[in-house]
Amino acid sequence: MAIIYHESSQTFHLTNGCISYIFTVLKDGHLGQIYFGAALRDRPDLTHLLEYQSSNQSPYYYVDGVEDYRFSPNQLKQEYPSFGLGDLRQGAIEVLQVNGSRYTDFRYVSHRVLNGKPTLEGLPATYTEADDEAETLEITLTDPVIHTDLVLLYTIFRDQPAIARSARLVCRNPEGIVLQKAMSASIDLPDADFEMLELAGAWAREFHMHTRPLRPGIQSVYSLRGHSSSQFNPFMALLRPGADENHGEVYGFSLVYSGNFLVQADVDFMNVTRVMLGIHPEGFSWPLAGGESFQTPEAVLVYSDKGLSGMSRAYHKLYSTRLVRGYWRDHERPILLNNWEATTFAITEEKMLQIAGKAHELGIDLFVMDDGWFGARNHDHAGLGDWTPNYEKLPSGVKGLAEKVEAMGMRFGLWFEPEMVNEDSDLFRTHPDWILHVPERPGHLIRHQYVLDFSRRDVMENLYRQMSAILREAPISYVKWDMNRSMSEVYSAALPPEQQGTVYHRFILNVYALYERLRNEFPGILFESCAGGGSRFDPGMLYYAPQAWTSDDTDAMERVRIQYGASVVYPLSSLGAHVSAVPNHQLHRITSIKARADVAYFGTFGYELDPNLLSGEEQEAIRHQVAFMKRWRRLIHQGDLYRLINPYDHDGEGAWMVVGADRREAIVAYYRFRQHVSAPLTRLPLQGLDPGLDYHILYSGETELPEPMGGDELMHYGLITSDYPSEIANPAYEPGEGDYLSRIYILKAD
Ligand code: GLA
């Protein structure tokens, strides 16, 4: 791995033998993008790849009476473009100056190469543990007219086809400037022959995969909700023609941020695709006085020549080992039972102990008490903001209950929704101005709640005091941190007019700060982020909370689609997935307890039901499932994921598998939503196995198929998934079992 600088051509080449990222200092001092993709051989000068073009309507170079028609910033591929001087496409940066101008012109000054990777103050980011895991290039550019520096950071990782980028603005202007837009990264790709993949949806329909060919103009995903949202995830992939799950070239763009974002691809008049991602400029402005600086969040760019799955595995490895931090990064995640769908707000100590007791009997590690334990929280109209136990429901408080659960030999977890408040709460009655609201205008509610003004330090401090008091007092091993509404009326009573554009970003910085403080004070606690399901499921959150509740939709079949989409970027070790009761709360669909578990295994496993209400047979099934997950969770969370059947393409089927690092063990899951009569034969070609090994196949984790199969057979012929070929005595061939069928196969080499 190296960051090579060729002085003669002023060219930077970031390469790790797998990818190359190349750019140069152009003759006007701007940075020109040359190449991003599969590794190229290094050469002292790669600037012949630059394409100088000129056409009518493009401003060209004119300095000291010399005209150079071929040098037009509007037609050169740029690294971090400014709008409005030579380049008329959308820029990555906009700065409002005292004279009213918004133009900037940052030119190269110097650079240095650092071992490892510096942290980004106050922001989540990927990191290194040893200096030789990555190198970072820090380039300083300056705009002398506005006395402001732009520092671009590029990190290349030794073991991943990934580049992390961010930008920092350093204001030296005594008059100050106002940042209106500062994207994390921008790159001009040489053409527009791509399909764009996005993860879009809604509450309880998160992470649905959508693709479309790029067209001239802007195509984007974004959030203006104050959180990354389930409507769009802060991610986009661009797939070359013919690229699919396992083949071809794919570029991934992922933003390590949890607030308003914009990820866009802008195809210009020369078919150049300008991709940029960062904080959404709408509603954003950030005044900088002389001596102050602004650091953007980080963007992680991945290049894969092994299709979408290659890109996903790169994100999985990087995010699960060098974004997620702390004790829980490397330890097996507990199997939990959460009481929400079992009781909703009807919490009593007795009920909680009954549920926890049964859960313990079935082998479950952790009992989580969800919403309803605090203040006047008997329904969703009251109580948010008052994080003290409701002693009518819990006579011995959270402490007493947690101690009793611990005494059973189980861990105890607790739900919070720190950023929210109900009008009917002591917190709101005492501090009505602590909510986001616009003076003299009516506010809007979602789920009967307001958003607290977390841009205020005093509000964040109050929540810190309330939360830490409980976490200090009671033996709490897990916190579910919820966030159940999008933000509206984003205005802070505590800030002057010129600072109102900072509120969204300050809000999320203080959420990060509160997380950081609690993590540091309680390093053993496992945090799970949640936002009415997956409405703030993003890389930024993973830096603080290694797992996230993927969706409030717990129906097994819907979850195949949701988890499949989420796995495009996020590791299985981050996907909260639970078995819930049937008929399903969201859909009223009935699926078997086996199918529900077979889907939930591919995430951080748990239950969302009252086990006392289940039959003896179902309880026995749970006992088996828990034992099964304990046996296989390490492989599932740390192995390589291969998606086998895309449930968005094949209406009615889905499949995936996880392979261990040494390829001696694998676990395969097949799901079928609908059964057909006289269904044709079906096979499932596998991926990632060792072709030279023979694998014993355990069907349903228990019954061994009579013949081991070669890795080559399994990958090129496939596992037979047909129903009922009666003449073959093979226990995996079942008669059709109706709709919502699932099968799990364990593969083990001798
Ligand atoms: C959100 C969460 C649920 C549950 C409820 C409690 O919807 O996603 O899991 O915690 O809030 O109100």
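Select strand E25 (residues 411–416) and strand E28 (residues 478–481): the two run parallel, joined by 4 bridges. Strands are DSSP runs of E with at least two residues, helices are runs of H or I with at least four, and both are numbered from the N terminus. Two strands pair if DSSP finds at least two bridges between them. Now pick Leu414; its bridge partner in E28 is Val479.

This is a predicted model, where local features need pLDDT of at least 70, side-chain atom pairs need 80 or more, and totals for chains, interfaces and linings use all residues. Residues are numbered from 1 along each chain as its sequence is written, and side-chain values use heavy atoms, without hydrogens and water.

Next, color by domain. The assignment, automatic or from a database, gives domain 1 (2–322), domain 2 (327–419 + 459–485 + 523–634) and domain 3 (644–749). The C-alpha centres of domain 1 and domain 3 lie 42 Å apart.

Last stop: the largest cavity. Select Thr554, Gln563, His578 and Arg596, which are among its lining residues. A cavity is a set of points on a 1 Å grid over the protein atoms alone where a 1.4 Å probe fits but cannot get out; lining residues have an atom within 4 Å of a point. Helix H10 (556–566), strand E31 (575–580) and helix H11 (593–600) each give two or more residues to this lining. E31 supplies the largest share, 4 residues.

Note on methods. 1 Å grid on protein atoms, 1.4 Å probe; cavity = no way out; pocket = protein on both sides within 12 Å on 5 of 7 lines; lining within 4 Å.
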